[in-house]
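Subject: A structure to look through

Dear colleague,

I am handing over the structure below, together with some notes on what was found in it. Please keep it open while you read, so that you can look up each place as it comes.

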There are 2 protein chains.
Amino acid sequence: MTTLDDVAARAGVSTATVSRALTRPNMVAAATLERVQRAVQELGYHHNAAARALATGHTGLIGIAVPTLASSYYLPLISGAQARAEASGYEIVIVDSQGSEPREATLLARLTNRVDALLLAGSRLSDAAIRDIAETLPVATFNRAIPGVSATVIEVTQAFSELGRFLREQGHQRIAYIGGPPGSATDARRMHALRSAFIDDSGDHDPPATSPLNSTQRSVDILGPVAPSFSAGGDLAEQITESGDTAVVAYNSAVALGLMHRLGTLGVRVPEELVLATGDDLVGRALEISHFVTVSQPMAEAGAHLVDLALQQLSTSGSSRQSKFPDPDAASRESQPDCEDATSTDLHFTLHAVANVPSTGGGNELVTR
Amino acid sequence: MTTLDDVAARAGVSTATVSRALTRPNMVAAATLERVQRAVQELGYHHNAAARALATGHTGLIGIAVPTLASSYYLPLISGAQARAEASGYEIVIVDSQGSEPREATLLARLTNRVDALLLAGSRLSDAAIRDIAETLPVATFNRAIPGVSATVIEVTQAFSELGRFLREQGHQRIAYIGGPPGSATDARRMHALRSAFIDDSGDHDPPATSPLNSTQRSVDILGPVAPSFSAGGDLAEQITESGDTAVVAYNSAVALGLMHRLGTLGVRVPEELVLATGDDLVGRALEISHFVTVSQPMAEAGAHLVDLALQQLSTSGSSRQSKFPDPDAASRESQPDCEDATSTDLHFTLHAVANVPSTGGGNELVTR
DNA sequence: TTGTAGGCGTTATCAG
DNA sequence: CTGATAACGCCTACAA
């Protein structure tokens with residue numbers, strides 16, 4: 001392994017100069033700098049991360065804990081975090097807690113003095129436990145607000161309102177909502193948001209003339225909750241065709257897919273004869289399906305924000321030795337313009353899920369996307 | 001941060017003793033050990049990874065490079081690697097090369113003296129480049145055999161033979177194969193394996209009496225290659241119903257799903273009226289669909305094997321300082337019994353994809369899974 | 001069985 | 001602008 005000493009010898013300078021040339025090029029003479037750089041090239045020198053970490057107190061690693069790697073739900077979150085971290089010269093270390101609280105605690109403890117910051121998604125830890133960790137280390141949580149701990153939250157409820165309004169404006173009278181999974185608290189909130197927006201048009205700016213129908217004529221059939229599976233969706237097909245619903249909102253795209261398949265079997269076309277909307281766009285994205293109205297959660301952006309929050313804390317809480325890693329391309333990164341509700345005091349960010357409804361420019365055609 | 005010194009002071013011993021108590025408990029007196037352990041508990045001490053790495057030359061990190069984190073294809077590979085690594089006291093750091101060769105080269109260089117080993121999946125690097133890295137560091141590649149470099153390969157072709165044989169034994173006369181993606185070399189191999197096994201029954205042990213049909217009567221319609229999308233599959237539905245095929249093998253489950261949907265629309269039931277098989281089980285697993293005969297690739301196992309291969313090299317090429325990290329639960333792990341074709345000399349492993357065909361015990365019903 | 005001391009590769013302080 | 005030199009926290013011969 002080539003070390004700083006090797007480079008120093010090759011360039012005829014001291015190790016201190018080489019170190020400076022590498023981390024703060026503007027602190028050394030141009031001529032010296034060039035000699036050092038040439039020596040580095042010729043020897044193929046790369047930093048030894050361990051030694052650097054020991055000297056600086058920074059590891060250049062960010063840990064991210066997720067409850068599972070089996071589902072692809074957290075994948076875009078990880079991916080987004082990875083991209084942002086990499087841009088800042090950091091590497092991402094993954095922890096799969098497998099949904100086990102003690103496991104998570106153990107693994108995080110193992111990581112604590114190995115990484116510079118911790119990103120927690122779907123953590124099983126108690127608020128208190130997380131707060132404890134956050135005292136040791138910069139921590140950013142996903143979809144979980146804990147006073148005093150940075151967080152990025154994706155607000156989905158609002159997208160369901162948009163969905164409800166869209167379906168109302170399309171002239172639907174009777175729609176169905178397929179909820180799930182059983183026991184979900186967010187599910188209830190989404191359903192209410194959908195129903196309110198669908199039934200009640202008082203919030204609209206348009207004169208009521210455009211909508212001659214009384215709100216009492218609209219209704220939402222509540223189905224489920226059902227399991228997030230293809231077959232569970234299909235099992236509801238008959239019920240829906242008999243009910244006279246002209247649009248269905250399913251909380252999950254596996255359910256929507258199963259439903260669409262069975263509907264096809266029954267001779268009902270999606271979206272021509274029945275509009276189908278889903279609370280996520282996971283399967284659709286993977287399959288490139290364009291039959292649904294979808295709600296997309298900005299997971300990748302959230303991942304990037306988590307890293308931003310962590311890095312922010314890292315630079316705020318100036319450690320004893322405050323030298324930071326040089327950011328390879330900080331200049332090419334804009335300040336986060338797509339980040340609403342940012343409050344610098346509590347470091348909480350809220351991202352909004354968006355309903356991918358067709359633009360209502362042309363009229364009321366039901367073509368989606 | 002609590003250090004070894006703190007623990008030593010608390011326990012009234014030297015740092016050397018604490019270090020030994022932690023890494024080689026049997027080298028220290030029972031009484032001393034206990035005092036040290038208590039001090040560790042009370043102080044909540046954890047190793048400083050950087051210092052340990054600097055002293056030992058081992059980082060406890062394994063890097064894994066994948067061409068993308070956008071698709072979930074490599075997810076189980078990562079997950080499998082993560083689990084095995086964790087069991088051996090290692091952490092996994094992810095590199096997303098985004099399919100770019102220069103990017104991959106840069107990122108790997110950055111990782112080289114930060115990790116103990118590198119796992120390469122879908123690498124864009126040349127054989128020579130990979131071999132170069134392998135000289136510096138233990139390397140294990142996925143689905144890519146390079147002389148002198150450890151590798152884990154998943155053999156899929158054979159599963160397509162099984163598929164062909166299964167369909168023949170089920171009595172099908174005419175089946176279709178939907179190939180893709182365009183330009184794939186493995187696609188051709190799979191198709192041939194499928195066709196050979198379907199057409200030709202000479203390899204079977206059963207007396208020919210059970211199969212009164214002449215092999216010349218069976219045929220395979222080759223369709224595609226098509227893009228891996230839902231709509232691409234659907235577009236083939238009419239063609240298939242008109243052809244008289246009674247079974248279809250699609251290389252990808254998105255295609256199969258789209259096909260099934262359109263078939264439903266046309267009044268054709270899967271699998272009752274037409275058997276549908278897919279070259280992967282990605283979507284099916286996520287959706288919990290049981291309509292297809294699937295081919296499953298043991299990605300998680302492959303990931304675990306990659307780690308095994310890397311660790312194996314790590315212990316073989318005894319470094320200057322040969323102390324290894326203690327393996328937290330090596331005893332609980334069996335030697336790899338599910339690993340066929342293992343040759344200790346070249347460190348290449350071959351795993352086999354398996355066709356999830358229904359057990360042929362009862363008869364020839366076409367119920368799948 | 002335990003303590004002493006040197007070194008791992010880098011950064012940072014402090015003189016020059 | 002550059003060069004010694006002391007940490008950083010841990011491991012491990014070598015002694016005791």
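A contact here means heavy atoms within 4.5 Å, and helices (H or I, at least four residues) and strands (E, at least two) are DSSP runs, numbered from the N terminus. With that in mind, A:Leu257, A:Met260, A:His261, A:Gly264 and A:Thr265 in α12(A) meet B:Leu257, B:Met260, B:His261, B:Gly264 and B:Thr265 in α12(B). These contact residues divide into four nonpolar, six polar and no charged, where Ala, Val, Leu, Ile, Met, Phe, Trp, Tyr, Cys and Pro count as nonpolar, Asp, Glu, Lys and Arg as charged, and the others, Gly among them, as polar.

This is a predicted model, in which local features need pLDDT of at least 70 and side-chain atom pairs count only at pLDDT 80 or more, while totals for chains, interfaces and linings use all residues. Residues are numbered from 1 along each chain as its sequence is written, chains are lettered from A and ligands numbered from 1 in the order in which they are written, and side-chain values use heavy atoms, with hydrogens and water left out.

The pLDDT is the predictor's confidence in each residue, from 0 to 100; its mean for chain A is 84, and 85% of the residues of that chain reach 70 or more. Over residues 319-345 of chain A, however, pLDDT stays under 50, and the model has 43 contacts beyond four places in sequence for this stretch. Where pLDDT is low, the predicted coordinates should not be read in detail.

To return to the helix pair, the axes of α12(A) and α12(B), each covering residues 253-265 of its chain, come within 6 Å and cross at roughly 30°. Axes are lines fitted to C-alpha atoms, for helices over the stretch in contact, and angles run from 0 to 180 degrees between N-to-C directions. The crossing makes α12(A) roughly parallel to α12(B), since angles under 35 degrees count as roughly parallel, over 145 as roughly antiparallel, 65 to 115 as roughly perpendicular and the rest as oblique.

Within chain B, the axes of α5 (residues 75-87) and α14 (residues 299-316) also come within 6 Å, crossing at roughly 45°, and these two helices are therefore oblique to each other. The residues of their contact divide into ten nonpolar, two polar and two charged.

Chain A also holds an open sheet of six strands with mixed pairing, in the order β7-β6-β8-β9-β10-β13, where two strands pair if DSSP finds at least two bridges between them. Because β7 (219-223) and β13 (354-356) of chain A each have a single partner strand, they stand at the edges, with one side of each left without a neighbour in the sheet. The twist averages 20° from one strand to the next. Strands β8 (residues 247-250) and β9 (residues 275-278) of chain A run parallel and are joined by four bridges, and A:Val249 stands opposite A:Ala277 in β9(A).

Finally, some backbone details deserve a careful look. Most residues other than glycine have a negative phi, and most peptide bonds are trans. In chain B, B:Gln98 has a positive phi of about 55° although it is not a glycine.
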